[in-house]
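Here is a report on pockets and packed helices. Look at the structure first, then read on.

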Amino acid sequence: MGVGPSSESHKAKYNVAVLGAAGGIGQTLSLLMKQSKYIKSLRLYDISPMVTGVGVDLSHISTIAEVKGFCGNDQIEEALTGCDLVIIPAGIPRKPGMTRDDLFKINAGIVRDLVQSVAKYCPNAVLNIISNPVNSTVPIAAEVMKKNECYDPKKILGVTTLDVMRAKTFVAALRPDDIKDVTLCDVPVVGGHAGTTIIPLLSQMTPKLSKPFEGDELTALVTRIQNAGTEVVEAKAGAGSATLSMALAAENMATSCLRAMSGEKGIVECAYVASDVIPELAFFASKCELGENGLEKVLGCGEMDSFEKVQVSNATAELKASIEKGVEFANAPAAEK
């Protein structure tokens, strides 16, 4: 009847903050993180006073992690001090007709200011960035840390786990004879986290399929994976974006980071990170091995087929522009922001 054996309590040694914990992603993510056997202290931060109640609500759950809500600039220092992992889902959600780029004007400033606080109060924490557009917000975070002379490229990871989750789900639905258990399926997804920059490497998926995807079926599948976020936005008809699936994807990524920080080896996730996989791009999503300090090693794209190589080539200009947009925003004089 208990939630977990007390013998697991020795693993619960990490302080984790969720910034934007009162939002659609943040609340569900916080609920999932409350169940972690690795977390000693879970700090929930938001500018909405509701976050205090979210903290109280979750504090009644009989799991190891202690939970507290923190509201506003006056409490962000207490929320962040001593944190090992900071997860940032803060920002506005996408609405029908909006692109991730439309979110930039608002979310870029939110991420910049939150990462400034991270630099000030827990500069050695690993960052998991969810706030869209990830292709730009990760470069913003990097520039803020550089300005504060505490930049470590291993510590900043853009969360693209939901793209992998969707790819696995959609592939398994189309090949039920080959994939009896979707949880045993894996599809690397590289590039970025918006539209055509989301590139599933179906040629490298496991298990191998008896009938590979080709032609119109391949094009339709890749397009669905790339537009899956829009599929949710339109289905919710203005009431939100992908919050539940995103929260679980974020928990999966955060848990992988905590496992690796605990010394577990061989933890691999796709993430959008500082990389030289594509020489002209400072950031790129690919398979990454996680370690005790965040990113241990960028594993790259492996052997891509001709279709995938074309997709990467076609996405490069958009990724470059998104990265430059983030860098320019982070370095613009205050009046221009």
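**Pockets**

The model is predicted. Its largest pocket holds about 730 Å³ of space. The lining of this pocket has 37 residues. Pro89, Ala90, Gly91, Ile92 and Ser131 lie nearest the centre.

Which elements each supply at least two residues of this lining? They are α1 (24-34), β2 (39-46), α4 (100-121), α6 (161-174) and α8 (228-235). The most comes from α4, with seven residues. By class, the lining has 17 nonpolar, 15 polar and five charged residues.

The second largest pocket holds about 290 Å³ of space. It is lined by 14 residues. Closest to its centre are Thr161, Val164, Lys168, Asp186 and Glu269. Two or more residues of this lining come from each of α6 and β9 (268-274). The largest share is that of α6, with four residues. Seven residues of the lining are nonpolar, three are polar and four are charged.

**Helix pairs**

Two packed helices are described by the angle between their axes and by the distance between the axes. Here are those values for two pairs that involve α9 (residues 244-261).

| Pair | Angle | Distance between axes |
|---|---|---|
| α6 and α9 | about 110 degrees | 8 Å |
| α1 and α9 | about 45 degrees | 8 Å |

Take α6 and α9. Angles of 65 to 115 degrees count as roughly perpendicular. The angle here is about 110 degrees, and α6 and α9 are therefore roughly perpendicular to each other. Their crossing is right-handed. On the α6 side, the contact is made by Thr161, Leu162 and Met165. On the α9 side, Ser245, Met246, Leu248, Ala249, Asn252 and Met253 take part. This contact has six nonpolar, three polar and no charged residues.

Now take α1 and α9. Their angle is about 45 degrees, and α1 and α9 are therefore oblique to each other. Their crossing is right-handed. Which residues of α1 meet α9? They are Ile25, Thr28, Leu29, Leu32 and Met33. Their partners in α9 are Leu244, Met246, Ala247, Leu248, Ala250, Glu251, Ala254 and Leu258. By class, this contact has 11 nonpolar residues, one polar and one charged.

How values were computed
Residues numbered from 1 in each chain as written. Predicted model: local features only at pLDDT ≥ 70, side-chain atom pairs only at ≥ 80, totals over all residues. Heavy atoms only, no water. 1 Å grid on protein atoms, 1.4 Å probe; cavity = no way out; pocket = protein on both sides within 12 Å on 5 of 7 lines; lining within 4 Å. Points joined across faces, edges and corners; volume = space filled by probe spheres on them. Nonpolar A, V, L, I, M, F, W, Y, C, P; charged D, E, K, R; others polar. Axes fitted to C-alpha atoms, helices over the stretch in contact; angles between N-to-C directions. Parallel < 35°, antiparallel > 145°, perpendicular 65-115°, else oblique. Left-handed = near helix turned anticlockwise from the far one by under 90°. Contact = heavy atoms within 4.5 Å.
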